[in-house]
Amino acid sequence: MEVEPISHYIITSHAGFEMRRRGITEELVRQVLSNPGQRMEVRPGRVVLQSQTPVEGKTYLTRVFVDIDSHPAEVITAYRTSKVSKYWKEES
């Protein structure tokens with residue numbers, strides 16, 4: 001199933017701070033938002049878009065939380081995790 005990308009967005013100051021602290025580039029966030037592997041609703045108006053990304057030979061999951069009820073959409077935070085199986089939902 002194809003996941004709808006998010007192309008018009010801003011990165012909040014909180015998200016920018018957390019991205020810098022976690023070593024996540026704006027380019028990586030843009031890639032996840034423009035070509036997400038999965039999209040899940042967190043609550044009404046907020047979604048998480050996530051993609052599996054290779055880093056130094058290991059696969060990580062990059063998760064980007066976005067408030068889609070704002071115009072433009074607002075990136076709230078982003079992080080990378082090695083616990084892919086915890087968050088990645090296999091198609092059923």
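**View A. Arg22 is partly exposed, with a relative accessible area of 33%.** Here, buried denotes a relative accessible area under 20%, exposed one over 50%, and partly exposed the range in between, computed with a 1.4 Å probe on protein chains only. The model is predicted, so local features need pLDDT of at least 70 and side-chain atom pairs count only at pLDDT 80 or more, whereas totals for chains, interfaces and linings use all residues. Residues are numbered from 1 along each chain as its sequence is written, and side-chain values use heavy atoms, with hydrogens and water left out. The side chain of Arg22 meets that of Glu18 in a salt bridge of 3.5 Å, N to O. A salt bridge is defined as a side-chain nitrogen of Lys or Arg within 4 Å of a carboxyl oxygen of Asp or Glu. Glu18 and Arg22 are four residues apart in helix α1, a separation of about one helical turn. Helices (H or I, at least four residues) and strands (E, at least two) are DSSP runs, numbered from the N terminus.

**View B. Glu18, Arg21 and Arg22 form a network of salt bridges.** An α-helix has 3.6 residues a turn, so residues three or four places apart point the same way. Glu18 is buried at a relative accessible area of 10%, whereas Arg21 is exposed at 54%.

**View C. Helix α1 (residues 13-22) has Ala15, Gly16, Glu18 and Met19 as its buried residues.** These residues lie on the same side of α1, because they cover an arc of only 170° around the axis. The arc is that of the directions from the helix axis to the C-beta atoms. On the other side of α1, Ser13, Arg20 and Arg21 are exposed. The elements covering the buried residues include β1 (9-11), α2 (26-34) and β5 (73-81). Just after α1, Gly23 adopts a positive phi of about 70°.

**View D. In helix α2, Glu27 and Arg30 are three residues apart, about one turn of the helix.** The two form a salt bridge whose closest N and O atoms are 2.6 Å apart. Glu27 is partly exposed at 39% relative accessible area, and Arg30 is likewise partly exposed, at 37%. The count of salt bridges under the rule stated above comes to five.

**View E. Arg63, in strand β4 (residues 58-67), is buried yet has no salt bridge.** The nearest side chain of opposite charge to Arg63 is that of Glu90, 13 Å away; Lys and Arg count as positive and Asp and Glu as negative, while His and the chain ends are not counted. The side chain of Arg63 makes polar contacts of 2.7 Å with the side chain of Gln50 and of 2.7 Å with that of Tyr79. A polar contact is a pair of N or O atoms within 3.5 Å; within protein, one atom must be able to donate a hydrogen and the other to accept it, and residues adjacent in sequence count only if both atoms are side-chain atoms. Leaving aside residues up to four places away in sequence, Arg63 touches residues including Met40, Val48, Leu49, Thr77, Ala78, Thr81 and Tyr87, where contact means heavy atoms within 4.5 Å.

View F. The phi of Glu56 is near 50°, a positive value in a residue other than glycine, and Glu56 is exposed at 83% relative accessibility. The peptide bond from His71 to Pro72 is cis, with omega near 0°.

**View G. The protein contains three helices and five strands.** From the N terminus on, the elements run β-α-α-β-β-β-β-α. The C-alpha atoms fill a box of roughly 35 × 35 × 20 Å along the principal axes. Of the 92 residues, 39% are buried. Among contacts between residues at least 6 apart in sequence, 49% join residues at least 24 apart.
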